[in-house]
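Q: I should like to learn how to read a protein model, feature by feature. May we begin once the sequence and structure are displayed?

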Amino acid sequence: MAFQSIGDILRSPNMLEIFREHGVDVDHPELCALQAKIYRSKSNKEIQIAGGGAKYIMFDSLCLWEGKKKLSATFKNWDPEKQHNSLTARNLKRHINQLTKIMNNHPKKAVLYGPPGTGKTMMSLAMMDYLRANGKTTMFVSSTELVSLFWQSYKYKDAQDRKEKVLGAMESVDVLVIDDLGTEGGVNSDKPVQKDVQQAINQIATARYDTNSNKVLKSTIVTTNNTPDELSLIYGGKTISRLLPHNPYNQFNFSELNDIRE
């Protein structure tokens with residue numbers, strides 16, 4: 001009876017007029033109900049992401065930021081006009097934005113390659129930001145910090161435990177960014193830590209790709225100062241074939257951009 005009385009009050013002419021004044025379409029109840037459902041869904045998603053649902057908190061805690069400094073970026077604040085070749089920068093931003101929207105519904109691989117300081121890392125963070133806002137779990141891993149974690153794991157049990165958690169998360173997170181891939185290779189690639197990291201990267205690439213159906217299972221975004229061919233020399237063709245995209249549309253060359261770091 002009490003609920004019925006409340007319903008009668010809400011449907012009274014005075015209350016309906018108040019709702020109209022606040023933009024509620026009370027004259028079309030079906031549309032009003034649909035709008036309310038959309039609003040609730042959006043609000044719940046924002047609360048989950050902003051408030052840090054358990055899965056978001058777990059992946060956030062396992063990110064490896066270079067210098068332990070967390071970074072963030074959006075497509076809005078990635079400014080192509082900072083580049084001398086602003087046309088190329090605008091085209092890169094547009095194409096990456098388009099691919100990121102596709103990744104929202106279909107997991108994809110992407111690689112951003114070119115000289116240091118051209119905005120690759122910040123662009124990968126913008127991609128992460130967009131996909132996280134649409135409900136995807138995200139994780140950022142600096143290659144140099146990953147190597148450092150491996151070194152520590154040889155000496156300390158807590159570092160060993162954290163390394164295992166990081167590697168497991170890298171396999172399962174919806175969207176993984178591996179930043180500066182290749183910096184751990186090169187002239188020191190014969191050292192045990194480099195070999196261990198390369199083996200781990202191979203396992204992660206395999207876990208995120210279904211080799212039976214040739215299908216990407218989880219989105220992976222790689223930034224690197226190396227070309228794909230150079231990465232193949234460091235990691236081997238099999239690993240890079242699984243980790244990097246074959247589709248040229250998903251390969252973004254920043255070599256025509258300038259170093260904009262101060």
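Q: Leaving aside its neighbours within four places in sequence, with which residues is Leu-99 in contact?
A: A contact means heavy atoms within 4.5 Å. By that rule Leu-99 is in contact with Lys-108, Ala-110, Tyr-249, Asn-250 and Phe-252, its neighbours within four places in sequence being left aside. Leu-99 lies in helix α5. From C-alpha to C-alpha, Leu-99 and Ala-110 are 8.6 Å apart in space and 11 residues apart in sequence.

Q: What kind of model is this, and what rules apply to it?
A: This is a predicted model, in which local features need pLDDT of at least 70 and side-chain atom pairs count only at pLDDT 80 or more, while totals for chains, interfaces and linings use all residues. Residues are numbered from 1 along each chain as its sequence is written, and side-chain values use heavy atoms, with hydrogens and water left out.

Q: How many helices and strands does the protein have?
A: Helices (H or I, at least four residues) and strands (E, at least two) are DSSP runs, numbered from the N terminus. The protein has 11 helices and 7 strands. Among contacts with a separation of 6 or more, 77% are between residues 24 or more positions apart.

Q: Is Leu-99 buried or exposed?
A: Buried means under 20% relative accessible area, exposed over 50%, and partly exposed in between (1.4 Å probe, protein chains only). Leu-99 counts as buried because its relative accessibility is 2%. In the protein, 40% of the 262 residues count as buried.

Q: Where is Leu-125 placed, and which residues does Leu-125 touch, not counting residues up to four places away in sequence?
A: Leu-125 is in helix α6, which spans residues 120–133. With a relative accessible area of 3%, Leu-125 is buried. Beyond residues up to four places away in sequence, Leu-125 touches Trp-65, Leu-71, Ser-72, Ala-73 and Phe-140.

Q: Why is strand β6 described as largely enclosed by the rest of the structure?
A: In a regular strand the side chains alternate between the two faces of the sheet. Strand β6 (residues 219–224) is largely enclosed because 6 of its 6 residues are buried. On one side these are Ser-219, Ile-221 and Thr-223, and on the other Thr-220, Val-222 and Thr-224.

Q: In which sense do β1 and β6 pair, and over how many bridges?
A: Two strands pair if DSSP finds at least two bridges between them. Strand β1 (residues 109–113) pairs with β6 in the parallel sense over 5 bridges. Thr-223 in β6 is the bridge partner of Leu-112. Strand β3 (residues 175–179) also runs parallel to β6, joined by 4 bridges, and Leu-176 stands opposite Thr-220 there.

Q: Which residues touch the most other members of the largest nonpolar core?
A: In soluble globular proteins, nonpolar side chains tend to be buried together. A nonpolar core is a set of buried Ala, Val, Leu, Ile, Met, Phe, Trp, Tyr and Cys residues joined through side-chain atoms within 4.5 Å. The largest one here has 57 residues, of which Met-139, Leu-146, Met-170 and Phe-254 touch the most other members. Helix α6 gives the most to this core, with 6 residues.

Q: How many aromatic pairs are there?
A: Rings of Phe, Tyr and Trp (its six-membered ring) pair if their centres lie within 6.5 Å; planes under 30 degrees apart count as stacked, over 60 as edge-to-face and the rest as tilted. The count comes to 3 aromatic pairs. One of them joins Trp-78 and Phe-254 edge-to-face, at 6.5 Å centre to centre and 90 degrees between the planes. These two residues are 176 residues apart, Trp-78 in the loop between α4 and α5 and Phe-254 in the segment after β7. Trp-78 is buried at 7% relative accessible area, and Phe-254 is buried at 0%.

Q: Where is confidence lowest and where is it highest?
A: The score is pLDDT, the predictor's confidence in each residue, from 0 to 100. Where pLDDT is low, the predicted coordinates should not be read in detail. Confidence is lowest in helix α1 (residues 2–10), with a mean of 46, and highest in β3, at 98.
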